[in-house]
Amino acid sequence: MQIDVRVFATLRRYVPELGVGETIKMDVESGTTLVEILDHLNLPREEVKIVMRNGRQADLDDAVQEGDRIAFVPAIAGG
Amino acid sequence: MPKKILRINMTDKKATYEDVPEKWSRWAGRALTSAITFDEVEPTCHPLGPNNKLVIAPGWVTGTPAAPSSGRTSFGGKSPLTGGIKEANAGGLSGQKIAKLGLAAIILEGHPKDGKWYTLVLNRNGVEFKDAAPLMGKGMYEIDEILGKTYPNTAIIGIGQAGEMKLSNAGISVNDSENHPGRYAGRGGMGAVMGVRGVKAIVVDDTGGPGVEIADKETFEAGRKKLTEAILSHDLTKKGGGLPSYGTAILVNIINEAGGLPTRNFSTGQFEGAAKISGEAIAEVIEQRCQGADSEGTMGHACHPGCIIKCSNVYPDESGKHLVSCVEYETAWALGANCGIDDLDYVAQMTRECNDVGLDTIEAGNTIAVAMEGGLLEFGDGAGALNLFDEVRKGTPLGRIIGQGVEATAKAFGVYRVPTVKGQSMPAYEPRAIKGIGVTYATTPMGADHTAGYTIAPEIAGVGGKVDPLTDEGKADLSLTFQAATAFIDSTGYCLFIAFPILDIATGWAGMAETVAGVTGMAVTGDDVVPMGKEILKMERLFNEQAGFTSERDRIPEFMREEALPPHNVTWTITNEELDQVYSWVHNGS
Ligand code: SF4
């Protein structure tokens with residue numbers, strides 16, 4: 001099944017080919033968890049502060065579903 | 001030498017140095033501007049009348065050697081925009097220089113009966129009242145350049161044309177390390193309060209000033225070390241971390257992802273063009289345009305000497321030269337997503353116009369968005385939006401309406417979707433999608449203001465805990481704790497962004513308090529931050545009550561209860577009773 005993955009800010013250093021605003025389209029098996037996707041993309045776990053699934057906070061152990069929009073977020077804040 | 005209060009009376013052009021009275025001796029920064037406003041400004045006075053004052057105060061640790069990122073200056077008084085008490089603080093050069101002149105605060109009062117305008121030059125010998133005629137009608141870029149030539153290496157505080165016209169969205173500019181305008185005490189129209197005093201600019205020359213005394217050097221040094229370590233080890237604020245790499249606009253994509261990026265005048269929570277105005281996109285523009293050795297665009301810019309976080313940027317024009325500093329998250333959002341504009345160059349040019357004419361970018365972007373909804377121009381019309389700033393500069397009737405901010409503009413154009421609380425428009429976080437920040441907007445004495453209680457830290461960023469942004473539970477308490485801690489940090493002189501590392505790293509929190517204890521000699525620890533913050537909030541709250549504010553002013557606008565916000569399709573659901581709980585302690589003990 002297909003999912004969309006977004007990687008933001010300092011985490012983009014680990015996916016240098018990804019342009020600003022671009023999405024990684026991934027084909028994954030059902031039951032795949034967010035942490036497996038994170039490992040597959042070689043994102044260092046300690047740098048991933050927040051994971052979002054369809055705009056909501058998610059846990060790394062959550063399994064994805066068809067059409068999910070996933071985002072990996074490092075330490076961020078601002079004003 | 002103990003610090004002094006410098007009272008400048010513009011009616012008789014007299015400057016007097018006063019001892020700091022006992023009742024204000026504990027305070028600095030926001031606490032001091034609010035205490036002086038509370039004691040000396042009639043709450044029911046007209047903000048543009050003779051009984052309002054402009055109070056300027058650096059923080060407790062501002063001007064001390066090597067306290068990291070601590071150059072803030074607070075500007076306070078009664079706000080023409082909200083009609084309540086206001087503290088707006090800015091980075092830039094002013095705080096350190098005012099502090100090094102040995103001043104706890106400057107109180108600007110009265111107004112010239114002859115209708116003349118003045119530039120005040122503050123140095124160790126006193127105050128000179130210079131005729132400001134050559135500066136009149138000019139914007140802040142020119143003013144900083146002219147004054148910078150006559151008074152090199154000084155801080156320049158000034159107002160653009162908006163402040164001259166006493167518009168409710170007039171901000172106060174402070175020059176940055178390169179003597180450009182752009183570090184703004186933007187919110188609440190304090191530029192108009194300065195204009196009423198007949199003061200176009202204030203030059204601060206700290207040469208030979210006494211400097212800031214440190215009561216207990218050992219405690220100060222120990223605290224400074226802990227705080228610096230926390231800042232330099234946190235992923236957000238360390239070298240190469242999120243803020244120096246992408247600036248505050250690092251948030252554009254993430255808040256958009258969370259469905260909380262107000263778009264097209266708060267009609268939806270996601271903007272299809274978000275990535276194009278994000279911190280990542282700004283970094284890319286700088287990278288592309290600034291290859292040459294004489295390029296000026298940069299990320300990781302410090303708004304004043306001694307900032308070790310460096311969240312600021314210099315956005316370059318096509319040739320790599322300075323166009324504006326800085327494109328913040330709030331500016332990218334207000335002048336971008338909220339107006340349906342996805343072109344960074346337009347956003348940057350409009351930011352420059354705000355900095356030049358002297359307008360708060362948040363209020364300006366919201367005002368344009370409301371005007372777009374009212375049919376003055378189309379959403380997404382960057383060129384049309386940019387032209388509006390010239391209308392303000394020239395003082396045309398349309399420009400004066402726009403310069404009054406969102407509520408006046410909404411009335412002029414018959415718009416119902418008005419995203420304000422207490423007359424001040426909301427910043428870049430949708431309260432329907434991020435509830436805690438909505439509680440802050442509704443209840444802070446400042447009017448809708450994210451910095452007054454930044455619950456985004458736990459609700460979105462996972463800083464200082466992790467809380468679901470979409471739920472109502474616990475948000476009233478969360479907001480109050482953040483509001484109180486913020487009131488304290490706003491008084492230290494530290495940039496609020498030190499809050500992120502020290503919320504996660506406990507030694508940093510303790511270190512911050514120790515630096516305050518070290519400078520002042522007061523027995524302050526990390527445990528005092530929230531209680532002292534509440535003392536400050538209480539003064540502000542009571543001022544507003546005496547100005548006629550009731551709990552009905554602590555409300556989120558009606559349309560947010562009526563209209564569901566995509567993509568989560570949520571309305572504002574926190575009850576009025578819960579909102580009224582946030583400040584119930586003011587009259588019921590703590
Ligand atoms: S972190 Fe940013 S806003 Fe704060 S003092 Fe440094 S450059 Fe200025």
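Analyst: Helices (H or I, at least four residues) and strands (E, at least two) are DSSP runs, numbered from the N terminus. By that rule, Arg264(B) sits in the loop between α8 (251–257) and α9 (279–289) of chain B. This is a predicted model: local features need pLDDT of at least 70 and side-chain atom pairs count only at pLDDT 80 or more, while totals for chains, interfaces and linings use all residues. Residues are numbered from 1 along each chain as its sequence is written, chains are lettered from A and ligands numbered from 1 in the order in which they are written, and side-chain values use heavy atoms, leaving out hydrogens and water.

User: What makes Arg264(B) stand out in its phi?

Analyst: Its phi is near 45°, a positive value in a residue other than glycine. Most residues other than glycine have a negative phi.

User: And why is Arg264(B) called partly exposed?

Analyst: Buried means under 20% relative accessible area and exposed over 50%, with partly exposed in between (1.4 Å probe, protein chains only). Arg264(B) has 25% relative accessibility, so it falls in the middle class. Asn179(B), at 23%, is partly exposed by the same rule. Asn179(B) also has a positive phi, about 55°, although it is not a glycine, and its place is in the loop between β10 (172–174) and β11 (183–185) of chain B.

User: How do you know whether Met10(B) is buried or exposed?

Analyst: Its relative accessibility is 0%, therefore Met10(B) counts as buried. Met10(B) lies in the loop between β1 (4–9) and β2 (14–19) of chain B. Beyond its neighbours within four places in sequence, Met10(B) is in contact (heavy atoms within 4.5 Å) with residues including Glu109(B), His111(B), Tyr118(B), Phe129(B) and Arg197(B).

User: How does burial look over chain B as a whole, and what share of the contacts joins residues 24 or more positions apart?

Analyst: Of the 590 residues in chain B, 67% count as buried. Among contacts with a separation of 6 or more, 71% are between residues 24 or more positions apart. The secondary structure of chain B comes to 23 helices and 17 strands, and the C-alpha trace spans about 60 × 55 × 50 Å along its principal axes.

User: What makes the link between Glu257(B) and Arg69(A) a salt bridge?

Analyst: A salt bridge needs a side-chain nitrogen of Lys or Arg within 4 Å of a carboxyl oxygen of Asp or Glu. Here the distance is 2.9 Å, N to O, so the pair qualifies. The count between chain A and chain B is 3 salt bridges.

User: How many residues are in contact between the two chains, and what is the area buried between them?

Analyst: On chain A, 24 residues are in contact with 43 residues of chain B. Buried area is the accessible area (1.4 Å probe) that two parts lose on being put together, summed over both. For these chains the figure is about 2600 Å², with carbon and sulfur atoms giving 59%. Ile76(A), Ala77(A) and Gly79(A) supply 24% of the area that chain A buries against chain B, more than any other three residues.

User: Which peptide bonds of chain B are cis?

Analyst: Two examples are worth a look. A cis peptide bond joins Ser325(B) and Cys326(B), with omega about 10°; Cys326(B) is in the loop between β15 (322–324) and α10 (329–334). The bond from Pro566(B) to Pro567(B) is cis too, with omega near 5°, and Pro567(B) is in the loop between α22 (558–562) and α23 (576–581). Most peptide bonds are trans.
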